[in-house]
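Open the model in your viewer and keep the sequence panel beside it. The tour below goes stop by stop, saying what to select and what is there.

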Amino acid sequence: MFAQGIQLSLLIGPVVPVPVPRAVLDALESVEVSTRTGSASGFQLRFTITARSELNTIFLIGGVTNATPFTPALRVMLILTLNGQAQPLFDGVMTNVQVQPGGQGQPGSLTVTGEDVTKVMDKQDWSGLPFPAVPVEGRVALLCAKYAPFGLIPKIIPVLFPDVQIPIDKIPAQQGTDLAYIQELARRVGYVFYVEPGSTPGTNIAYFGPELKVGVPQPALNVDMDALTNVEDLSFSFDPEKGVLPVVFIQNQLTRAPIPIPIPNINPLQPP
């Protein structure tokens, strides 16, 4: 698919995607990619189809791969080539396929929706899997290693205050799916966990570390400023009822009086 010197490549397949036939690219109408914080990123592909379209096969495969957690997920990869350099636009798995039949001589549409690789990490419950004498970083690395076929490369920032359980006292065990357990470990140490496409097509970076709030200064967002406008719509909202200030009470051993200590939402890992 070409548009103003930009080439878009679409690859689909179980675990290891392959380039789709030309007929699939010709039927592609629109591509939408959304990047989110705090939840999985996603994509949406819209195709035009007919009764004899080859895309009906995608619908059948998509239904089979989503039937049980033990079948391999149908992987979808979008690669953007600009000036001869390939850049991954999105790498994830198909989660939903919707078919809208046409009418009155108009072709129908097929919409493919998916999420990033974290969707695969959230399919099977591995509760009870022990991790004796393994620090948090080691547990995250072991869990991410299972998804190496999806090109998952862990990028783990060491915990500032490690706490390794002694096996004779306590053996930590996994609770829930791999994604849920890693997110719980990140919450305990004040970290975040997310997956984003790597610099090379076919790779994904699994980041486990503090939330990055610093970077290169970006240009200002301009609304209704003629030629300088770079934002179509912008809105803000503030809900004072969602503000929470935790308070910890400690007791003085001499006076037995409780002393409240407020805990602000500011720490060295997350500056304001």
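Start with Arg 46, which counts as partly exposed at 35% relative accessibility. Here buried means under 20% relative accessible area, exposed over 50%, and partly exposed in between, with a 1.4 Å probe and protein chains only. This is a predicted model, in which local features need pLDDT of at least 70 and side-chain atom pairs count only at pLDDT 80 or more, while totals for chains, interfaces and linings use all residues. Residues are numbered from 1 along each chain as its sequence is written, and side-chain values use heavy atoms, with hydrogens and water left out.

**Stop 1: the partner of Arg 46**

The term means a side-chain nitrogen of Lys or Arg within 4 Å of a carboxyl oxygen of Asp or Glu. Glu 29 belongs to strand E4 (residues 28-34) and Arg 46 to strand E5 (residues 42-49), so the pair ties together parts that are 17 residues apart in sequence. Helices (H or I, at least four residues) and strands (E, at least two) are DSSP runs, numbered from the N terminus. Glu 29 is also partly exposed, at 45% relative accessibility.

**Stop 2: helix H1**

How many salt bridges does the structure hold? There are six. For another of them, select Arg 22 and Asp 26, whose side chains meet at 3.3 Å, N to O. Because they are four residues apart in helix H1 (residues 22-27), about one helical turn separates them. Asp 26 is exposed, with a relative accessible area of 55%.

**Stop 3: helix H4**

Select Glu 184 and Arg 187, three residues apart in helix H4 (residues 178-189), about one turn of the helix. Their salt bridge has its closest N and O atoms 2.6 Å apart. Glu 184 is partly exposed at 26%, whereas Arg 187 is exposed at 56%.

**Stop 4**

Is Arg 139 buried or exposed? Arg 139 is buried, with a relative accessible area of 5%. Find this residue in helix H3 (residues 136-145). Beyond its neighbours within four places in sequence, Arg 139 is in contact (heavy atoms within 4.5 Å) with Phe 131, Val 134, Pro 172, Tyr 181 and Leu 185.

Leu 129 and Pro 172 are 43 residues apart in sequence and 8.5 Å apart in space, C-alpha to C-alpha. Not counting residues up to four places away in sequence, Leu 129 touches Pro 172, Ala 173 and Gln 174. Leu 129 is partly exposed, at 35% relative accessibility.

**Stop 5: the largest pocket**

Finish with Arg 36, Ser 39, Phe 193, Tyr 194 and Val 195, which lie nearest the centre of the largest pocket among its 31 lining residues. A pocket is an open set of points on a 1 Å grid over the protein atoms alone, where a 1.4 Å probe fits and protein lies on both sides within 12 Å along at least five of seven lines; lining residues have an atom within 4 Å of a point. Strand E10 (192-197) is one of the elements giving two or more residues to the lining, and its six residues are the largest share.
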